[in-house]
Amino acid sequence: MNTHDGYVMDVAYPPHFHKEIQPVWLASLAQFLGTAAPDITRPYSCCELGCGMGINLLVAAATNPLGQFVGVDANDKALAIARAAAKSVGLTNVHFVHADFAHFAQSNNLFFDFIVSHGVWSWIAPNQQRNILQLVAKFLKPKGLFYLHYMCHPGATPMVPIQALLNDLAKQLPGTSEEKLSAALDFVCQLDLAGAFVDQPQLSDKIRALKQKPPATWPTIS
C-alpha cells in the first residue's frame with residue numbers, strides 16, 4: 001500500500017462532517033460543563049490535524065467569520081479538493097498546509113485556541129501520534145481546547161481479522177491503494193463464496209456490503 005507512517009497517500013479520504021470538532025460546539029460544551037473555553041465572540045484560531053478534504057474547516061470558516069482556520073494533512077490530493085472548494089465560495093479565513101505533523105511542527109509559527117483531530121490517531125504510526133501531542137504542547141494557547149477523537153470498533157470487532165487479511169494481501173499486490181484493496185477484497189469474497197465464513201453470517205453480510213462501496217469509503221480497512 002502507498003502509505004506514509006500509516007496514512008494512505010494515494011486516496012482522497014471521503015469527506016465527513018463532525019459537529020463535535022466545530023469551535024461553537026466545543027466552546028458551548030466546555031461552558032456547559034463549567035470549564036473555561038476560548039471566547040468565540042472575539043477573533044480566534046483553530047487548527048485541524050489530518051483535515052482531509054477540509055469539510056469541517058470549510059463549514060467552520062463559512063459560519064464563523066471571526067475565526068481563522070488552518071488544516072494540515074499529508075495527502076495533497078485531498079488538500080487540492082479542499083483548496084478548490086474554499087476558492088469557489090470565496091473563503092479567505094481558511095488555508096490548508098501540505099505537511100506531515102513533524103514538518104508542520106518545524107514550519108508553523110502560529111498559536112491556536114482550538115486544535116482538533118478526528119480519527120487520524122487510530123491509524124497513524126506511533127511517531128506521528130507523538131508528533132500530535134508535541135504540536136498541542138507547543139502551539140495550543142493557554143486555556144485553549146484540544147479535541148482528540150480515536151476509533152474504537154465494538155460493533156465491527158468481527159471485521160478485525162478481515163482487515164488484517166486485506167492489508168496483508170494488499171501489500172503483496174501491484175497498483176494503487178484502491179486497486180490493491182479491490183483485488184484483495186475480491187479474494188476475500190471468493191473465500192466467502194467458498195464457505196469460509198459460513199458460521200459467521202453477519203461477517204459475510206459486511207464483506208458483501210464493502211464490495212458495493214468505493215475503496216476510499218472503507219473505514220474498516222483504511
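Start by selecting cysteine 51, which counts as buried at 7% relative accessibility (buried is under 20% relative accessible area, exposed over 50%, partly exposed in between, with a 1.4 Å probe and protein chains only). Keep in mind that this is a predicted model, where local features need pLDDT of at least 70 and side-chain atom pairs count only at pLDDT 80 or more, while totals for chains, interfaces and linings use all residues. Residues are numbered from 1 along each chain as its sequence is written, and side-chain values use heavy atoms, leaving out hydrogens and water.

Taking a disulfide as a pair of cysteine sulfur atoms within 2.5 Å, the count is zero. Jump to cysteine 189 and you'll find another buried residue, with a relative accessible area of 15%.

Next, colour by secondary structure. The protein chain shows eight helices and seven strands (DSSP runs numbered from the N terminus: helices are H or I with at least four residues, strands E with at least two).

Pick out the open sheet of five strands, which runs β5-β4-β3-β6-β7 with parallel pairing (two strands pair if DSSP finds at least two bridges between them). Its edge strands are β5 (94–98) and β7, each pairing on one side only. Zoom in on β6 and β7, a parallel pair with six bridges. Where does phenylalanine 114 find its bridge partner in β7? Select leucine 145 to see it.

Then select α1, residues 23–32, and show side chains for its buried residues: Pro23, Leu26, Ala27 and Ala30. Look down the helix axis: these residues fall within an arc of 95°, so they line one face of the helix (the arc is that of the directions from the helix axis to the C-beta atoms). They pack against β3 (44–49), α2 (55–63), β4 (67–73), β6 (112–118) and β7 (140–149), with contact meaning heavy atoms within 4.5 Å. Just past α1, stop at glycine 34, where phi is positive at about 80°.

Finally, zoom out: 45% of the 222 residues of the protein chain count as buried.
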